[in-house]
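Open the model in your viewer and keep the selection panel at hand.

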Number of protein chains: 2
Amino acid sequence: MKIRKVEEEQPITAQARSPKELLILDCALKLLIETGDAGLTLRKLAETAGMRLSNVQYYFSSRDEVLAAMVSRYFDECTASLVTLTQQSEAATAEERVRFLVRTGLSHGQEISDMCRAFREIWAISSRNTVIDQCLMDYYRNFSDVMTDFAFPGGLDAQVRKQLQALLIPFFEGYSITARSLPLTTEEAAEMLTALTLSIVEGQNRQ
Amino acid sequence: MKIRKVEEEQPITAQARSPKELLILDCALKLLIETGDAGLTLRKLAETAGMRLSNVQYYFSSRDEVLAAMVSRYFDECTASLVTLTQQSEAATAEERVRFLVRTGLSHGQEISDMCRAFREIWAISSRNTVIDQCLMDYYRNFSDVMTDFAFPGGLDAQVRKQLQALLIPFFEGYSITARSLPLTTEEAAEMLTALTLSIVEGQNRQ
C-alpha cells in the first residue's frame, strides 16, 4: 500500500516543476556532486544551466530555496528507484527479499559513487540547515517503510518491524562510508546482515 | 597490545607540532564545525587564529596541507579518547564490554553534536580528496582493532572478529546520521545491537 502511494505522488511532484526549474535543479545536483557544497552558488548554477543569474533567481529566490527543492526532488527519485527495483525483483520468499534489499542497500560501498557524493554533501548541509535535515529524516522514514512493506508484505510484529528498520537504515548509510575499511567483502557483509535480519524476524536473537 | 600502541604513539604526534601549528589546527577544526568546508579558507583561518596569512602559510603552504594535518590530529584524538574510555570502563564480562562499546558508539545520534558535524564535513571532503579518504579508512581500521581488542582481550576467531568489525563500524557511523528518523530509542537500538553482536560471537545466527 505504501509503495503504491509513493508512486502515485511521484508524477505530481515532478509535474509541478517547469522545464526550466527542472534544468536548474539538475544542474544544482551536478554541481553539488562535482564541486561540493562550496561550489554550489547561484552564480555558478546560472553558468552551468546556461541562464542569466536573474532568470535563476526568478525561479528560486535564494540558494537555500534551490537546495530544498533539489534535495526533495533527489530523495523522491531515490525512493522511486527503490520502489521500481523492488517491483522488478523476482525474490519469492522473505529470505530472498531481505537478501535483495540488503544487496541493494550495500551496493554503494566499494567505490565512492555519485550517489555517495550527493549524500555526503547533503549530510553535511543538513547539520547546518533544519529544512534539509527534516527532508533527510522524512526520506529515511519513507525508505524504511518501503523496505519493510516489500520484504514482509503480510506484515510484521510492530516491534520486529521497528527493529529491522533500526538495523538496516543506519547500516546501509554507514556502509557507504566505511565499506572500504572493513575486513569483509560486500558479499560477506550482505550475507551477515541478511542472516541477522532474519534472526530478528525469527526471534532467534537474545532480544 | 594494540591499545597500548596507540597510546604510546599519541604524545609523539602531538609533540611534533609547535604551539602555533596546534593553534592553527584547532582553529581549522573550529571553522570546519561552525561554517563547513566552504568556510575553511586560509584567509579565514588566519583571522580566527589571530595571525597573518603569511604566518599561517609559513606553517602550512596550502589549504590541503591544513586539512590533512587537521584530520590526522582529530582522528588521533578520537582514537585516544576511545582508548581512555575503554581503560576507565568497569565492564567485567564480554557482554558488559560489548554493551559499553555499543552505547559509546551510539552516543552521537539524538542530536547533531560537534563531532557529528566534523565527521560529516570530513566524509564530504574525503570524496574529493584521496589523502583525507586514506586517513579516514586508516582511522576506521584502527578504531575497529581498538574495539575488538577491548571487548575480547582473550582474542576471537578471525572470521568472527571480522564480522563484529563489519557490523559495528558501519552501524555506528550510519546511526549518527539516521538515529532521529528511527523508530527505536537509543537504548533499544543499543540493546538490539548488543544482542546481535553477542549472537555472532556465540555462533547463534545463521552464518
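**Stop 1**

Helix 2 of chain A and helix 7 of chain A are roughly perpendicular to each other, a word used for angles of 65 to 115 degrees; under 35 degrees counts as roughly parallel, over 145 as roughly antiparallel, and the rest as oblique. This is a predicted model, in which local features need pLDDT of at least 70 and side-chain atom pairs count only at pLDDT 80 or more, while totals for chains, interfaces and linings use all residues. Residues are numbered from 1 along each chain as its sequence is written, chains are lettered from A and ligands numbered from 1 in the order in which they are written, and side-chain values use heavy atoms, with hydrogens and water left out.

Select residues 19-39 of chain A for helix 2 and residues 114-126 of chain A for helix 7. Their axes come within 9 Å and cross at roughly 75°. Axes here are lines fitted to C-alpha atoms, for helices over the stretch in contact, and angles run from 0 to 180 degrees between N-to-C directions. Helices are DSSP runs (H or I, at least four residues), as are strands (E, at least two), numbered from the N terminus.

Now show the side chains. Helix 2 of chain A brings A:Leu29, A:Leu32, A:Ile33, A:Gly36 and A:Asp37 to the contact, which means heavy atoms within 4.5 Å. From helix 7 of chain A come A:Asp114, A:Arg117, A:Ala118, A:Glu121, A:Ile122 and A:Ile125. Sorted by class, this contact of helix 2 with helix 7 in chain A has six nonpolar, one polar and four charged residues. Ala, Val, Leu, Ile, Met, Phe, Trp, Tyr, Cys and Pro count as nonpolar, Asp, Glu, Lys and Arg as charged, and the others, Gly among them, as polar.

**Stop 2: helix 2 and helix 3**

Which residues of helix 2 of chain A meet helix 3 of chain A? They are A:Leu23, A:Ile24, A:Cys27, A:Ala28, A:Leu31 and A:Gly39, and they meet A:Lys44, A:Leu45, A:Thr48 and A:Ala49. The contact of helix 2 with helix 3 in chain A divides into seven nonpolar, two polar and one charged.

**Stop 3: helix 7 in both chains**

Select helix 7 (residues 114-126) of chain B together with helix 7 of chain A. They pack at an angle of about 150°, with axes 8 Å apart, and are therefore roughly antiparallel to each other. Helix 7 of chain A contributes A:Arg120, A:Glu121, A:Trp123, A:Ala124 and A:Ser126, and helix 7 of chain B contributes B:Arg120, B:Glu121, B:Trp123, B:Ala124 and B:Ser126.

**Stop 4: the whole view**

Zoom out to chain A, which has ten helices and zero strands. Its C-alpha atoms fill a box of roughly 60 × 40 × 30 Å along the principal axes.

The mean for chain A is 91, and 91% of its residues reach 70 or more. Over residues 1-12 of chain A the pLDDT is below 50, and this stretch has 17 contacts beyond near neighbours in sequence.

How values were computed: pLDDT is the predictor's confidence in each residue, from 0 to 100.
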